[in-house]
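Biologist: I'd like to learn how to read a model like this one. Could you walk me through it, feature by feature?

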Amino acid sequence: MRVIDAVWEYENLGCKVQEIIIEASDTAGSLAENLSTIDADYQVVKLPAEQVELSEVLHKRGFYLSEALMTLEIATDESENFRSAEYHIMTEEEEDNLDKVIKAGLFGTDRISRDPHFSKGQSAQRYVNWIDDEKNRGGELLALESDGETVGFALLRQTGKDSCHSYLVGIYPEFAGKRLSYLIISSGILYARGKGCQTLTTSVSTNNPGSVRAHLKMGYLPIKIEYVFVKHLGS
């Protein structure tokens with residue numbers, strides 16, 4: 001297994017965080033032995049679905065299932081009939097407004113937001129910091145428009161010559177329930193196509209079944225599933 005000191009999370013959560021990545025060579029014995037050396041306040045284990053039998057080791061050591069992450073992929077030429085929202089790179093003023101919307105509670109299905117050990121405010125700040133980090137890595141933050149109104153946003157980054165990843169999309173609260181998911185997701189696909197990318201990937205939490213359903217309906221297919229287990233030291 002690989003252990004990553006998630007030092008960036010200290011700013012978000014105010015505690016020491018370690019991420020444990022289970023690898024194909026891990027066994028129940030080796031996992032149990034290595035977990036005994038982990039001392040972070042908040043421990044996050046990512047377990048591939050193919051090794052679900054190792055979840056027994058995690059349960060015995062106080063870890064509990066927080067979510068499953070599905071990595072989805074679509075070919076950008078999957079359809080020539082996508083109707084997209086208009087989009088443009090966000091201005092600084094639009095980014096400031098997005099920060100306010102996020103801090104007001106735009107997202108509520110992530111594992112941090114649903115964890116009683118953390119606050120809604122910490123979850124929101126984590127999204128704001130995540131967006132800044134991805135922009136620093138070359139990601140582009142798009143404002144999405146429909147009928148002349150800004151209805152949502154998308155954060156995407158080209159990850160290879162022929163590939164792009166959609167990190168985060170969202171519909172502003174006043175436009176929720178107006179069947180705009182199709183437009184929002186289509187925009188990302190057409191953005192990637194415009195960059196010359198053949199594939200677009202994204203990660204979706206099973207804590208948000210609406211997002212899972214919308215992406216699958218658009219033609220995305222799952223290529224990887226990870227179970228995310230967490231543990232709070234001393235709890």
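This is a predicted model: local features need pLDDT of at least 70, side-chain atom pairs count only at pLDDT 80 or more; totals for chains, interfaces and linings use all residues.

Biologist: Fine. What does the secondary structure of the chain come to?

Modeller: You'll find seven helices and ten strands in the chain.

Biologist: And how do I judge whether the radius of gyration agrees with a compact globule?

Modeller: You set the value against what a globule of that length would have. With 235 residues, a compact globule would come out near 18 Å, and the chain has 19 Å, so the two agree. For the outline, picture the C-alpha atoms in a box of roughly 55 × 35 × 30 Å along the principal axes.

Biologist: What share of the residues is buried?

Modeller: Buried means under 20% relative accessible area. Here 48% of the 235 residues count as buried. As for the surface, the chain exposes about 12,000 Å², and carbon and sulfur atoms supply 48% of that.

Biologist: Now the inside. How many cavities of 30 Å³ or more does the structure hold?

Modeller: One. The largest cavity has a volume of about 50 Å³.

Biologist: Which residues line the largest cavity?

Modeller: Look for Ser 166, Val 169, Ile 184, Ile 185, Gly 188, Leu 200, Thr 202, His 215 and Tyr 220. The elements giving two or more residues to that lining are β8 (163–171), α6 (181–194) and β9 (199–205). The largest share, three residues, comes from α6.

Biologist: Let's turn to the backbone. Where should I look for a positive phi in a residue other than glycine?

Modeller: Asp 147 is one case, with phi near 55 degrees. You'll find Asp 147 in the loop between β6 (140–146) and β7 (149–158). Arg 179 also has a positive phi, near 55 degrees, and lies in the loop between β8 and α6.

Biologist: Are those two residues buried or exposed?

Modeller: Exposed means over 50% relative accessible area. Asp 147 has 79% relative accessibility, so Asp 147 counts as exposed. Arg 179 is at 81%, so Arg 179 counts as exposed too.

Note on methods:
Residues are numbered from 1 along each chain as its sequence is written. Side-chain values use heavy atoms; hydrogens and water are left out. On a 1 Å grid over the protein atoms alone, a cavity is a set of points where a 1.4 Å probe fits but cannot get out, and a pocket is an open set with protein on both sides within 12 Å along at least five of seven lines; lining residues have an atom within 4 Å of a point. Grid points are joined across faces, edges and corners, and a volume is the space filled by probe spheres set on the points. Helices (H or I, at least four residues) and strands (E, at least two) are DSSP runs, numbered from the N terminus. The radius of gyration is taken over C-alpha atoms; the globule rule is 2.2 Å times the number of residues to the power 0.38. Buried means under 20% relative accessible area, exposed over 50%, partly exposed in between (1.4 Å probe, protein chains only). Accessible areas come from the Shrake-Rupley method with a 1.4 Å probe; for residues, only the protein chains shown count as cover.
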